Amino acid sequence: MDITNTTALLAGSIFGALAIIFGAFGAHALKKHMDTERLESFETGVRYQMYHAILLLVIGILPQREYTYFATNLIIIGVILFSFSIYGLVLSATFGKKIKILGPITPIGGLALVAGWVMLFLSFLSL
């Protein structure tokens, strides 16, 4: 198995497990402390994390192509920057110490996710 396959499978499984944990945490523990808008933002982070966990698992079982390495790394970076910055923003705002530096990180993570999908597109062009 290629290192990219292994990386994608490991990251996908970790992100998937964490998405379930964070989703349950948001639904049960945070629900009492957050308004609807913050809870929806938190859930957006969880949802995107899970979508991309599944995508990484699919990438991990597919034969590797020219751009798959870049797609895998961009998606991993994107999940960390996008979802985890949302978690940090929401949690810090909820508990009174908003970490404003995380705000600009979220769209950078989103761009990394889009770039990862573009790399997948380029890898599929050569099929």
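**Rings, helix and core**

A: This is a predicted model.

Q: Which residue forms an aromatic pair with Phe70?

A: Tyr69 does, in an edge-to-face pair with 5.5 Å centre to centre and 80° between the planes. Tyr69 is partly exposed too, at 47% relative accessible area.

Q: How many aromatic pairs are there?

A: The count is 7. In one of them, Phe22 and Tyr87 are edge-to-face, 4.9 Å centre to centre with 70° between the planes. Because Phe22 lies in helix α1 and Tyr87 in helix α3, this pair ties together parts that are 65 residues apart in sequence. Tyr87 is buried, with a relative accessible area of 5%. Ring pairs also link Phe22, Phe42, Phe84 and Tyr87 into a cluster.

Q: How do I read the buried residues of α1?

A: An α-helix has 3.6 residues a turn, so residues three or four places apart point the same way. In α1, the buried residues include Ala8, Ala11, Phe15, Ala19, Phe22 and Gly26. The buried residues of α1 pack against α2 and α3. The helix covers residues 3-30 and reaches 37 Å from its first C-alpha to its last, close to the 40 Å expected.

Q: Which residues touch the most other members of the largest nonpolar core?

A: Among its 25 residues, they are Phe15, Phe42, Leu56, Ile59 and Ile75. The elements giving two or more residues to this core are α1, α2, α3 and α4. Helix α3 gives the most, with 8 residues.

Notes. Residues numbered from 1 in each chain as written. Predicted model: local features only at pLDDT ≥ 70, side-chain atom pairs only at ≥ 80, totals over all residues. Heavy atoms only, no water. Helix = DSSP H or I, 4+ residues; strand = E, 2+ residues; numbered from the N terminus. Expected span 1.5 Å × (residues − 1). Buried < 20%, exposed > 50% of the residue type's maximum accessible area, 1.4 Å probe, protein only. Contact = heavy atoms within 4.5 Å. Core = buried A, V, L, I, M, F, W, Y, C linked by side-chain atoms within 4.5 Å. Phe/Tyr/Trp six-rings, centres within 6.5 Å; stacked < 30°, edge-to-face > 60°.
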